[in-house]
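Subject: Two-chain model for you

Hello,

Here is the model I promised to pass on.

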Amino acid sequence: MLRRYLARRLLVAIPSLLIATAIVFTLPRLIPGDAVQLMLAETSYAKDIDELRAKLGLDRPFHVQYVEWLGRAARGDLGESLWTRRPVLAELAQRLPVTAELALYATVIALVIAVPVGVLAAARQDSVADYVVRSLAILGLSVPGFWLATLLIVLPAIWWGWRPVTGFVEFRADPLGHVGQLVLPAVILGVAAAAALMRLTRGMLLEVLRQDYVRTAWAKGLAERAVVIKHGLRNAVIPVVTLLGTQLPQILGGRRIIETKIGLPGVSRFLFDAINQRDYPVIQGVNLLVVSTIVVVNLAVDALYAVLDPRIRY
Amino acid sequence: MSASDASLTRRRWLGLAAGAAGAALAPPARAQVPRLEGLPKRGGTLALRGVDPLHFDGMLTSSFKTHALLAFTHSRLVRHRAGPSVVPGTFPIEGDLAESWTQPTETTYVFKLRRGVRWQPKPPVGGRELTAEDVRYSVERFLTVPGNVLASTLRLVERVEAPDRYTVRFTLKEPFAWFLDMLAAPTAVAIVAKECVDKFGDLKKLDACVGSGPWMVESYKPNQSFTLVRNPNYFVPGLPYIDRIEATVDDDAASRMSSFIAGKWDLGYDGGLVFRTEWAQIRDALRQRRPTLRTADVLANIMSHVSMRADQPPFNDVRVRRAMSLAVDRQAIMDATSEGTGALNPPIPAGLKEWSLPIAQLGDGARYYKRDLVEARRLLAAAGHPNGLPASVCFTTYGSAILVDQAQLILAQLKEAGIDARLDQKEYGAYFSTCFVGKFDSLAFGPQPNFLEPDGFLTQYQPGEPRNQSHVDDPVATDLILRQRRTLDVMKRRELIHAVQRHLAAQQYYVAIHSGLSVAVWDSALKNYGPNLGYDLGGRLTAAWLDR
């Protein structure tokens, strides 16, 4: 049944992807200024603009460009950057692992912090620990990641003349250094994500702990651990998984400031530069990746529901 | 050497060029002779902050991000002299690939190339000899390749020829006094190899980055770093002294400051400079952490201004433009955003010391540089706007808090004079393709390209030029600009440039604010290095060495 459900969802995802690509293809072209005007900058004589636009194939009708791009994308060819002439797919292949690894570490850190702390806060509702944890969660939600990153970079330099690793260390060159350089951004991203997850975990668990079957579990004389973790948490965690599923694409596509501050050659930075330069193939390629990730993650989350809650059947 | 010494060199050279048409002009011998800093030492690695090049084809972009890198890897015919003896803001010219040159007529230049110059030992060129044909090819490509935004700098070149293996002859359409300056600029014709263009189609890819400059690109990792290594074929024996340059890409201001404090880089992180406002933030930490750093103040040639639609009401009325200028308190903006340091700019920025006219010498126009709200309101009333007027200011932040502060101050100051301007903020790309090239309704505000000679700044007053943001069509200004461009005699040209500045000051087509001071800063282990404006850090490091 699950397989059929997933297959059906995948089929439904195709029109979603097509609509998303059409939007992604259209929107950058609606912003004033195109790649050619930006390339020619302050000396954009009309004749030069037309000549270069023709050379880059940007003078053809919009729908022709779209269909051609779509056809190539379906064959795994996302084209070349208009500026650097580097293949978009090759760039993504280099950058995606960096961003994905960062997203993974951030997610792990978020979960490691959020779930135990959320459970503790729920199990000890209105205790000192609960108030402290809730206050910290509000703080985590309130503190912008870029501000925290700035402090963590600037203060050690001023106080001790030291700053975290500059530039990207490849795993092959220095495995420890590679992981070490990702710890700081992963903590920054993870703390922000953990705050929201923790609050949701606490709230959902409190709701579940008030259910009749939990009261029955207590009445049977089960240990607190068994009641809270086995009977409570498992049923409370579905919304948490949903939230996690929505946060992952954000980490993939929207962490330009953190990547820039730490000097990571990730996908977010790539996309930001491309938007500034109206580098259409890159914008399209990265967004196709992000949209695809959202589709896949949502599917995975749906599948996970059935694992977490036996009552859910597809 | 003092500023006057340096400018004398330039004056003497240009004066000779004008006065002795046809006579051979021997440029100064390669002037980066070490002095007062001990004996040169070979070797070492210099660390600096780099920026991602857009790509590696300097003829397909005007971006400093590409040209700053090519200044390390490519040669030009002539170049700006570098070293501790050169006063920042002056740009004496010396031969690079050219050993000497003559000017037989007002419109002909003949360059004799150094013999035995070899390309870097990289495929597909493989270290063959660089000849006049390579120079001819490069100039031809510079002038004709579609998408070269800089081709207009040499638009007066009628033809370029290579009559023999070591001679290049340029024929101009008319006298062009700035011709050598255009060839020497770091954004000028980098000499490229035809084999690379033939093989790669253009020079955008890293593999196509083969020059004859002092260093070669060993590796480049986008958003991360690039490494340059010494070119063993470099045509000046013994140079460069520094074996290796490692540049880290860092696009974040806080991160850059931290890296510099932590001693990651040997040079100020903006091409050897640090903006004064940032310097103020890190100065104390640096005193503690890096007490041996060497510093020098350098007046920037970056100038921000308010441009106005001078081709349509109300800004086609000189009284309104003057009122705009009188409403703006330049000194207050400088105090608030540049710690009170810097200089007010006439039409040619004060940073170009040899050509800029001090405000006090602008004649009648000088009074429009000092705030006078009463007079501003009187002029507005006389122009038919007794209750002031509305306006919009097209703007983008460039990611700079200073620029945002300046824009806000200008808006507030204009409002006090009755000009109710609202900010029309655009995303960078939208701004660049519209307002930056004069496509806006009433006003725009932002920084302008930082040329190293005055002619570039004057193009913003010429009809038909995309850089003419205010849509200026002023026959007097046009005549003076064209005449200075055709006047080879330096003294006479300077008089014309002063005259056009006086005229433009009275017309106020642009309300220029100050240029800030930057701090040139470098590690004391770096010897025989002299800071200057412009992107030619490669040129300034060629004869420098490390003494650690």
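A word on conventions first. This is a predicted model, in which local features need pLDDT of at least 70 and side-chain atom pairs count only at pLDDT 80 or more, while totals for chains, interfaces and linings use all residues. Residues are numbered from 1 along each chain as its sequence is written, and chains are lettered from A and ligands numbered from 1 in the order in which they are written.

Chain A

Chain A has 13 helices and 0 strands; helices (H or I, at least four residues) and strands (E, at least two) are DSSP runs, numbered from the N terminus. The C-alpha trace of chain A spans about 85 × 60 × 35 Å along its principal axes. Of its 314 residues, 38% are buried. Here, buried means that 20 or more other C-beta atoms lie within 10 Å of the residue's own, exposed means 12 or fewer, and partly exposed is in between, with C-beta atoms placed from the backbone. If we take contacts in chain A between residues at least 6 apart in sequence, 71% join residues at least 24 apart; a contact needs the two C-beta atoms, placed from the backbone, to lie within 7 Å.

Axes are lines fitted to C-alpha atoms, for helices over the stretch in contact, and angles run from 0 to 180 degrees between N-to-C directions. On the α5(A) side the contact involves Glu91(A), Leu92(A), Arg95(A), Leu96(A) and Thr99(A), which meet Val267(A), Ser268(A) and Phe270(A) of α12(A). By class, the residues of this contact are 4 nonpolar, 2 polar and 2 charged. The nonpolar class holds Ala, Val, Leu, Ile, Met, Phe, Trp, Tyr, Cys and Pro, the charged class Asp, Glu, Lys and Arg, and the polar class the others, Gly among them.

Pro185(A) sits in helix α8 (residues 175-209) of chain A and is buried, with 24 other C-beta atoms within 10 Å. Apart from neighbours within four places in sequence, Pro185(A) is in contact with Leu102(A), Ile258(A), Ile262(A) and Leu264(A).

Chain B

Chain B has 16 helices and 21 strands. Its radius of gyration is 24 Å, which agrees with the value near 24 Å for a compact globule of 548 residues; the radius is taken over C-alpha atoms, and the globule rule is 2.2 Å times the number of residues to the power 0.38. In chain B, 55% of the 548 residues count as buried.

Now to the sheets. Four chain B strands form an open sheet in the order β2-β11-β10-β9, with mixed pairing; two strands pair if DSSP finds at least two bridges between them. The edges are β2 (45-50) and β9 (215-221) of chain B, each pairing on one side only, and the twist averages 20° from one strand to the next. β2(B) pairs with β11 (residues 244-249) of chain B in the parallel sense over 6 bridges, and Thr45(B) stands opposite Arg244(B). Helix α2 (residues 64-73) of chain B lies across β9, β10 (225-230) and β11 of chain B, at about 140° to β9(B).

Another open sheet in chain B has 3 strands in the order β12-β19-β13, with antiparallel pairing. β12 (273-275) and β13 (294-299) of chain B are at its edges, each with a single partner strand. β13(B) and β19 (residues 517-522) of chain B are joined by 6 bridges, with Val519(B) as the bridge partner of Asp297(B).

Where the chains meet

The contact takes 37 residues from chain A and 42 residues from chain B. On the chain B side, α6 (253-261), α7 (276-289) and α12 (428-433) each supply at least two residues, and α6(B) gives the most, with 6 residues.

Best wishes
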